[in-house]
Amino acid sequence: METKEKSKLKEPNELKEKSTIIKYSNSFNEQKEFNKLTGKEQDLFFAIVAKLIEENTNREKNPNNKNLGIVVKPQEVKKMVGLNKADKHRSNESLSKMLDRITDVVNGIKCTLRSIGRDPNTNEIIYTENHQPLWVKSKDSIFADFKYGENAPYVIVKLRDEAQNFFFAIAGGFTQFFLKNYISISSPHAKAIYRQLLNGSNALKKEWSPTKEELMDWLNIEKENTFKKFKKKLPDYIKQIEKTGDFKGKIIYYYIYGKRKAITNIVFKYQLKDDRMKIIQDIENSPAYNQDKMHPIYTRIVENGKVRKEA
């Protein structure tokens, strides 16, 4: 069921004026738990992610920036959600609730992380019989830290080294959008669909065609009656998405029916604008990208804040 907007926070004008780009691995789209957040909670979360990306994009060139982490000060957090000094009482109460929900969701997500296997006693890299580093998998949170202040709305975020391929050294397909376009969409359901349409793999096919079950799972829709309500509102969601200006022409969607006239799939057909598509196509055709596609296991190592390739 779509999360209702309870907050009366103002529109985040500070973000609307910025053309901050958010880019992450397509695998991050699999984290459907984010769709449980309200629209404004999602805006705040991705604004924090944008700041994390901005401040750490050039970390390889900055020897003093090694921790893949940030501290977001109270005034920055308030700007992210459109609060001003006159909203002091409401801001403390509203932000506390928002940050509590965001933190609960973020810290509750367990993702598959890949890293180099190390001896637990000596911390030395473990090599296979073929003299290759041993790659290991684990299930853990993307963030080593995602906390907020109890007596002031600071936000402390630190990305795990093993998770840096979600946002930085992306080894495969990626999703990319302007933060200001994302926050222009009010409905959480529309935001969730938008992220899938901006998924690079879907954009190259000019199509996203989830099964009905996949779509309901993605949107956290559990009951058939709720899905029927979603169908009625879908035209409005599409209008919100089209108004971002990311698409060439209209977004076409239709249903595929199976036995007993039951919906089996929902097909979204669309085309991103040429400048947006060129970014995806250039990376898709780049030698580095194709080399990474040949090696499904992540092949970069982070040590002392620097990324290096392993032979």
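Tutor: Let us start with the general idea: two strands are said to pair if DSSP finds at least two bridges between them. Keep in mind that the model here is a predicted one. In this model, three strands form an open sheet in the order β2-β6-β5, and their pairing is antiparallel.

Student: Which strands stand at the edges of the sheet, and why is one side of each left without a neighbour?

Tutor: The edge strands are β2 (69–72) and β5 (143–148), and because each has a single partner strand, one side of each has no neighbour in the sheet. Neighbouring strands of this sheet are turned against each other by 5 degrees on average, with direction ignored.

Student: How many bridges join β2 and β6?

Tutor: The antiparallel pairing of β2 with β6, which covers residues 155–159, runs over four bridges. Within this pair of strands, Val 71 stands opposite Ile 156 of β6.

Student: Which helix packs on the sheet, and which strands does it touch?

Tutor: That is helix α2, residues 39–56, which touches β2, β5 and β6, and whose direction makes about 125 degrees with that of β2.

Student: What does the chain as a whole contain, in helices and strands?

Tutor: The chain has eleven helices and twelve strands, and of its 311 residues, 46% are buried. If you take the contacts with a separation of 6 or more, 70% of them are between residues 24 or more positions apart. The accessible surface of the chain comes to about 16900 Å², with 48% of that area belonging to carbon and sulfur atoms.

How values were computed. Residues are numbered from 1 along each chain as its sequence is written. This is a predicted model: local features need pLDDT of at least 70, side-chain atom pairs count only at pLDDT 80 or more; totals for chains, interfaces and linings use all residues. Side-chain values use heavy atoms; hydrogens and water are left out. Helices (H or I, at least four residues) and strands (E, at least two) are DSSP runs, numbered from the N terminus. Axes are lines fitted to C-alpha atoms, for helices over the stretch in contact, and angles run from 0 to 180 degrees between N-to-C directions. Contact means heavy atoms within 4.5 Å. Buried means under 20% relative accessible area, exposed over 50%, partly exposed in between (1.4 Å probe, protein chains only). Accessible areas come from the Shrake-Rupley method with a 1.4 Å probe; for residues, only the protein chains shown count as cover.
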